[in-house]
Amino acid sequence: MGLTELVFIGLVFIGPAAAVGVFGTLDANSGGAVALVYIVATIVMSFTAVSYMRMSREIPRAGTVFAYASAGIGPRAGFTAGWMILLDYLFIPSVAYLFTGIALNSIFPSISVWLFTGIAVILTTGLNLAGVKIASRVITLVVVIEVLVLGLVLVLGVIYLAANGPSRDWLSPLTGVGAFSITAVLAAVSVAVLSYLGFDSLATFAEEAKGGPKIVGRATLVCLVLAGVFFVAQTWVGSLLSPVSPAELQANPELEGAAYYDAVDATLGAWVHWLLALAKAVGAAFSAMIGQAAGSRILMDMGRNGQVPKFLGQVSPRTGVPWKGILVAAVGNVIVAGWATTRADGLDQLTSIVNVGALSAFIFVQASVVGYFLVKRQGSETSSWFTHGAIPIIGAVLLAIVLVSANPLALIIGAMWLAIGIVVYLVRNHRRV
């Protein structure tokens, strides 16, 4: 895959309209300052993107954070980083599949979210098993359609606002509705990070990219910048169109998942709602497909290194994909998404859990840059102390601030996942001894 294909894959995994799915949750949690949440989140994630770019050039392996932390810190840190990012990659497709179910259910309310979710899992898992080349051709078409539909919604939204005025103050997407709370904004950022999870997935395709690791790093930064622009624009317009206040959404969490669609339906018309929901449903399903593929490749790299069962490291001789890892990930997707559909706050809880794993792993990436370039190479470049010291340290601090602001239940589940990982590591390494 070249630069263009990598950028399209990253955009599909991120989802140009990713903010649509979590808009209601962020609106409720931030007190209406959704655009500010995404501005802060973009700044936080930019530090991580730079670190991914630097490490992917040095270590072009599919295992990404597992490979980076192993090389920059040590094998124990590598396992821990890989284990925590698995919480992200094994669960984030479940979130995206859930977005598909919610989007289609907003059009066909008589059909359950769960049924739509299950169909999406089956179809996209089949594409993953077919190989990356076939999947990338479909992905290009999907991302173009999603961007065009999102652009249409934004243009129609601006026209509507110019003619009818906003339902909230024009600057409320930055200042919030009522009292402003930086604590609330940071808590929302810990959820908004979910929307960006996808730029990092590009590094998992390092062994399948043509043009070398520099192409992967360049695609990573391009995806992050484009995503930030998309998210701020769509949440700003969505906030001004929304007829439901952040307080109402907070009091009724079951309304959060479809909040953006309801705002579009009430102001721009049912046909725009349908168009956006269909585009989001398809885009989210393919985003889940890329997440599933990325998770299977981390399992593959950890399996090859004996950190998880070795059968997960096997690839198909015909398609070259880690088919056993893909199937394991697919089963997990079905179970987790099914659990989320049974709770009114399932979307909020699931997104928070995913982000705890991602944020924890990203901190390891920042530490890997310091360890690899400044400790092992002892600052061989003139700019090392700034690019390989200050930038990753600032990035790690920002990530830690966002992490501790996450949902308490999500932090507890993240700690439990880490404890399970420690047990797995000790058992497997005891057997070797």
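The model is predicted. Helix α5 packs against helix α13 at an angle of about 160°, and the axes of α5 and helix α14 cross at roughly 55°. Helix α2 bends by about 45° at Gly-24.

**Packing of α5 with α13**

- Helix α5 spans residues 75–107 and helix α13 spans residues 270–304.
- The axes of these two helices lie 8 Å apart.
- With a packing angle of about 160°, α5 is roughly antiparallel to α13, because angles over 145 degrees fall in that class.
- The crossing in which α5 passes α13 is left-handed.
- Sorted by class, the residues in the contact of α5 with α13 are 25 nonpolar, eight polar and one charged.

**Packing of α5 with α14**

- Helix α14 covers residues 323–341, and its axis comes within 8 Å of the axis of α5.
- The angle between α5 and α14 is roughly 55°, and the two helices are therefore oblique to each other.
- α5 and α14 make a right-handed crossing.

**Helix α2**

- Helix α2 runs over residues 18–30, which gives it 13 residues.
- From its first C-alpha to its last, α2 reaches 17 Å, close to the 18 Å expected at 1.5 Å a residue.
- The bend of about 45° in α2 is located at Gly-24, and Gly-24 is itself one of the buried residues of this helix.
- α2 is mostly covered, with 12 of its 13 residues buried.
- The buried residues of α2 include Ala-18, Ala-19, Val-20, Gly-21, Val-22 and Phe-23.
- Also buried in α2 are Thr-25, Leu-26, Asp-27, Ala-28 and Ser-30.

**Ala-288 in α13**

- Ala-288 is placed in helix α13.
- Ala-288 counts as buried because its relative accessibility is 0%, and the cut-off for buried is under 20%.
- The C-alpha atom of Ala-288 is separated by 9.9 Å from that of Ala-330, although the two residues are 42 residues apart along the chain.

**Ala-233 in α10**

- Ala-233 belongs to helix α10, which covers residues 213–241.
- Ala-233 has a relative accessibility of 31% and so counts as partly exposed, the class between under 20% and over 50%.
- Ala-233 and Gly-151 are 82 residues apart along the chain, and their C-alpha atoms are separated by 9.8 Å.

Notes. Residues are numbered from 1 along each chain as its sequence is written. This is a predicted model: local features need pLDDT of at least 70, side-chain atom pairs count only at pLDDT 80 or more; totals for chains, interfaces and linings use all residues. Side-chain values use heavy atoms; hydrogens and water are left out. Axes are lines fitted to C-alpha atoms, for helices over the stretch in contact, and angles run from 0 to 180 degrees between N-to-C directions. Helices (H or I, at least four residues) and strands (E, at least two) are DSSP runs, numbered from the N terminus. Angles under 35 degrees count as roughly parallel, over 145 as roughly antiparallel, 65 to 115 as roughly perpendicular and the rest as oblique. A crossing is left-handed if the near helix is turned anticlockwise from the far one by less than a right angle, and right-handed if clockwise. Ala, Val, Leu, Ile, Met, Phe, Trp, Tyr, Cys and Pro count as nonpolar, Asp, Glu, Lys and Arg as charged, and the others, Gly among them, as polar. The expected span of a helix is 1.5 Å times one less than its number of residues. The bend at a residue is the angle between axes fitted to the seven residues ending there and the seven starting there. Buried means under 20% relative accessible area, exposed over 50%, partly exposed in between (1.4 Å probe, protein chains only).
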